[in-house]
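Thanks for asking me to look this one over.

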Amino acid sequence: YEYFLCHHKAHAAGQTRLLKTVIHAQTRKSVFIDSDDLKDLDELFDVVKSKVTHVVVYGTRDVLRRPWCAGEVTTAFANQVRVSVVV
């Protein structure tokens with residue numbers, strides 16, 4: 001995947017889906033969103049580590065309080081995956 005969208009579902013599920021649609025329409029690149037593409041939760045961090053070029057964090061106030069989101073961002077930084085925040 002070119003892009004991985006990290007988000008807090010309760011605060012940004014709809015916005016993240018829109019962001020996925022816009023990114024794909026403008027770039028024609030593959031975009032990972034867990035609700036669409038995650039087959040096995042045990043593989044989530046491996047996807048970030050080895051199958052993603054760019055993690056885009058939807059920066060709502062509690063996104064990093066969610067353990068899975070914090071883990072996705074930590075995994076990206078630990079493996080030198082590009083990270084951007086959308087606010």
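This is a predicted model: local features need pLDDT of at least 70, side-chain atom pairs count only at pLDDT 80 or more; totals for chains, interfaces and linings use all residues.

1. Residues are numbered from 1 along each chain as its sequence is written, and side-chain values use heavy atoms, with hydrogens and water left out.

2. Now the fold. The protein chain has four helices and four strands, arranged along the sequence as β-α-β-α-α-β-α-β. Helices (H or I, at least four residues) and strands (E, at least two) are DSSP runs, numbered from the N terminus.

3. On overall dimensions, the C-alpha trace spans about 30 × 25 × 25 Å along its principal axes. The radius of gyration of the protein chain is 12 Å, which agrees with the value near 12 Å for a compact globule of 87 residues. That radius is taken over C-alpha atoms, and the globule rule is 2.2 Å times the number of residues to the power 0.38.

4. How much of the protein chain is buried? The share is 40% of the 87 residues, where buried means under 20% relative accessible area, exposed over 50%, and partly exposed in between (1.4 Å probe, protein chains only). The accessible surface comes to about 5,300 Å², and 52% of it belongs to carbon and sulfur atoms; these areas come from the Shrake-Rupley method with a 1.4 Å probe, and for residues only the protein chains shown count as cover.

5. Contacts are worth a look too. Taking those with a separation of 6 or more, 74% join residues 24 or more positions apart; contact means heavy atoms within 4.5 Å.

6. The largest nonpolar core has 14 residues, and Phe4, Cys6, Val52, Val55 and Val57 touch the most other members. Two or more residues each come from β1 (3–6), α3 (44–50), β3 (54–58) and α4 (67–78). A second, separate core of eight residues includes Leu5, Ile23, Val31 and Tyr58. A nonpolar core here is a set of buried Ala, Val, Leu, Ile, Met, Phe, Trp, Tyr and Cys residues joined through side-chain atoms within 4.5 Å.

7. Cys6 deserves a click. Beyond its neighbours within four places in sequence, the contacts of Cys6 include Val55, Val57, Cys69, Glu72 and Val73.

8. Which residues other than glycine have a positive phi? Arg28 is one of them, with phi near 60°, and Gln80 is another, near 55°. Arg28 sits in the loop between α1 (9–27) and β2 (31–32) and is exposed at 63% relative accessible area. Gln80 belongs to the loop between α4 and β4 (82–86) and is exposed at 76%.

9. Asp40, in the loop between α2 (34–37) and α3, is partly exposed at 31% relative accessibility. Phe77 lies in helix α4 and is exposed, with a relative accessible area of 57%; C-alpha to C-alpha, Phe77 is 9.2 Å from Lys49, though 28 residues separate them in sequence.
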